[in-house]
Amino acid sequence: MNSILDCLQPYPFERLRGLLAGVEPSKAHAPLNLSIGEPRHPTPAVIREAITAHLDGLSGYPPTAGSDALREAIAGWLMRRYGLPSIDPKTQVLPVLGSREALFAFAQTVVDPRDGGWVVCPNPFYQIYEGAALLAGAQPWFVDQVPENGFRCDWDSVPQAVWSRTRLLYVCSPGNPTGAVMSLDEWRRVFELSDRHGFVIAADECYSEIYFDEAAPPIGALQAAQALGRGDFARLVVFSSLSKRSNAPGMRSGFVAGDATILKRFLLYRTYHGSAMSPTFQAASIAAWNDEAHVRDNRAKYREKFDAVTPVVASVLDTGLPEAGFYLWARVPGGDDQAFCRELLRQYNVLTLPGSFLAREHEGRNPGAGFVRLALVEPLDRCVEAAGRIRTFLSS
């Protein structure tokens, strides 16, 4: 067996099950779940109808690179969304089976296991980054996101000796779990470091379409590169998905886009990896990327929930409206996030996720400790009910 598997830590939800073992949730309250970031809004009709209209696609093997029509639909969306003058659908776009598998597989392509080195990522973070780094033969280096810095990564805190052996940098903007969005100046600094040290940037943008001001969408990595005169997207690949944008997590449909040279090698890897999207889901994905009405409706639902829930939760927890995404990142009184989650479940049957499970101790500190992540994915009335129970729990 691969001995590196022994280095993988339990996934946050496995740790959560262990934490809650033996806890008897209050039977006086119906269960409410704010722990997992799984979209619960209905999958739009435009996607469902496209699936049923293309069921014949199940009868054939799909090409790993996807259809021309799908790559063109993704390229068209990227140009509309980010104001790009052009992007080549043949060489700069590649469909993937959701962003999760691609984020993992990408490290296996970029990192030479004979060389190892570092993979830098934010902390707290999406645990796939860490597992991908380890199984590629590298070591993760964590950059803490703390309230003193507005939950942004201080890239200059990374020692030059680490940057000099960094092979891959994972960034997540809008961030999970903090909701922070990287600015153009932050992107400029990341590109400067990449130019100096030669590492590849993997930009996780799966929350890019959940934001609150229709006139001010979050800046994307390709958009930042274009604005800074880097239209070839050198050493930059972005990852996106229909899961959050279009409420279709079960379809496992996303894309990567950016540096053509890197994507050519990634396609070679994926040809062996066996990651080809069903033609049925390709057709549905084309319909989804070509429709923005359902995405605006989706944002309106989240906006309504955050408007109703944030003031209630903020009255008893240190939190506020995120820049984007569908999480509240909240500091708990007393600083014991795990005890908070256990007692809230026991007394009020509300399930949340300890922030310490989403981070690693780095330089003597776990930057997730003392926080909880609240996913506002349930319908409005259930989110409001959960917020009310949290307020009652902390006010009693």
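Here are some friendly questions and answers about the sheet, pocket and cavities of this predicted model.

Me: What ground rules apply to the values here?
Reply: Residues count from 1 along each chain as its sequence is written, and side-chain values use heavy atoms, with hydrogens and water left out. In this predicted model, local features need pLDDT of at least 70 and side-chain atom pairs count only at pLDDT 80 or more, while totals for chains, interfaces and linings use all residues.

Me: In what order do the 7 strands form the open sheet?
Reply: Strands here are DSSP runs (E, at least two residues; helices are H or I, at least four), numbered from the N terminus. Two of them pair if DSSP finds at least two bridges between them. The edge strands are S2 (93-96) and S4 (139-144), each pairing on one side only. With mixed pairing, the order is S2-S8-S7-S6-S5-S3-S4.

Me: In which sense do strand S5 and strand S6 pair?
Reply: Tyr170 stands opposite Ala202 in S6. Over 5 bridges, S5 (residues 166-172) and S6 (residues 200-204) pair in the sense called parallel.

Me: What angle does the direction of helix H5 make with that of S4?
Reply: Helix H5 (residues 128-135) packs on the sheet and touches strand S3 (118-123), S4, S5 and S6, where contact means heavy atoms within 4.5 Å. Axes are lines fitted to C-alpha atoms, for helices over the stretch in contact, and angles run from 0 to 180 degrees between N-to-C directions. For H5 and S4 the angle is about 150°.

Me: How much space lies in the largest pocket?
Reply: On a 1 Å grid over the protein atoms alone, a pocket is an open set of points with protein on both sides within 12 Å along at least five of seven lines, a cavity is a set where a 1.4 Å probe fits but cannot get out, and lining residues have an atom within 4 Å of a point. Points are joined across faces, edges and corners, and a volume is the space filled by probe spheres set on them. For the largest pocket, that space is about 490 Å³.

Me: Which residues lining the largest pocket are the closest to its centre?
Reply: Helices H1 (12-20), H4 (98-110) and H9 (242-245) each supply at least two residues of this lining. Of the 24 lining residues, the closest to the centre are Tyr11, Gly37, Arg100, Tyr126 and Lys244.

Me: Which element gives the most to the lining of the second largest cavity?
Reply: About 30 Å³ of space lies in this cavity, and its lining includes Trp77, Leu78 and Tyr82. With 3 residues, the element that gives the most is H3.
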